[in-house]
Amino acid sequence: MSILKNLKLATAARGNPASSEFGFRAKVLAYLAEQKALAEAEIAGTRFTATKKVTRKNAEGEDIRVDVSRNVRKGWFTDASGKMFFQIRYGSKPLEFAKGMNAVEVENLADVPVIIASIIEAINAGELDPQLNAARASRRANFAAKSKKTAA
């Protein structure tokens, strides 16, 4: 008797979760968690350090993966009149929460983690899905597929 006949065989295709709206949502949620940690560190007066994995060569010339610190830009700013705002940026453009509204006004730095927690709840509830999909579509438009060169 064949071993394969005892197995339940099926046709399957692995999806790319990073290309779906849920992958994009996870990316924005990771950004917001990092912004919240940055705000909490600044409130506490401590230094926030984010890391990323890079490949480096060790003394023997072997490639190894190490953590190095990376710069994290603040999602909040103070305008000329002294008001503080928080924005979610995707690439170089701020995400619009509503038509023409791309920032949340914040009273002081202590309120930034609370605002971020509220935005995280809204994203998990799906309230910002249309804005996230629009931002993703406009970003993808910048990376149009390159046409293959034809052989002469």
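Predicted model: local features only at pLDDT ≥ 70, side-chain atom pairs only at ≥ 80, totals over all residues.

Modeller: Two strands count as paired if DSSP finds at least two bridges between them. Strand S3 and strand S4 (residues 84-86) meet it with 3 bridges, in the antiparallel sense. One of the residues involved is threonine 78, whose bridge partner in S4 is methionine 84. In general, strands of a sheet pair through backbone hydrogen bonds, either parallel or antiparallel.

The sheet as a whole is open and has 3 strands, in the order S3-S4-S7, with antiparallel pairing. Strand S3 (76-78) and strand S7 (104-106) are its edge strands, each pairing on one side only. From one strand to the next, the twist averages 30°.

Next, the pocket. A probe the size of a water molecule, rolled over the atoms, shows where empty space is left. The largest pocket holds about 340 Å³ of space. Its lining consists of 17 residues, and those nearest the centre are Tyr31, Gln35, Arg89, Tyr90 and Gly91. Two elements, H1 and strand S5 (89-90), each give two or more residues to this lining. H1 gives the most, with 5 residues.

Last, the surface. Leu4, Leu7 and Leu9 make up a nonpolar patch there, and together they have about 330 Å² of accessible area. Of these, leucine 7 is placed in the segment before helix H1 (21-44), the helix that also contributes 5 residues to the lining of the largest pocket.

Terms used. Residues numbered from 1 in each chain as written. Heavy atoms only, no water. Helix = DSSP H or I, 4+ residues; strand = E, 2+ residues; numbered from the N terminus. Axes fitted to C-alpha atoms, helices over the stretch in contact; angles between N-to-C directions. Patch = residues over 30% accessible without salt bridge, like charges linked within 9 Å, V, L, I, M, F, W, Y side chains within 5 Å. Areas by Shrake-Rupley, 256 points an atom, 1.4 Å probe, with all protein chains shown as cover. Salt bridge = Lys/Arg side-chain N within 4 Å of Asp/Glu carboxyl O. 1 Å grid on protein atoms, 1.4 Å probe; cavity = no way out; pocket = protein on both sides within 12 Å on 5 of 7 lines; lining within 4 Å. Points joined across faces, edges and corners; volume = space filled by probe spheres on them.
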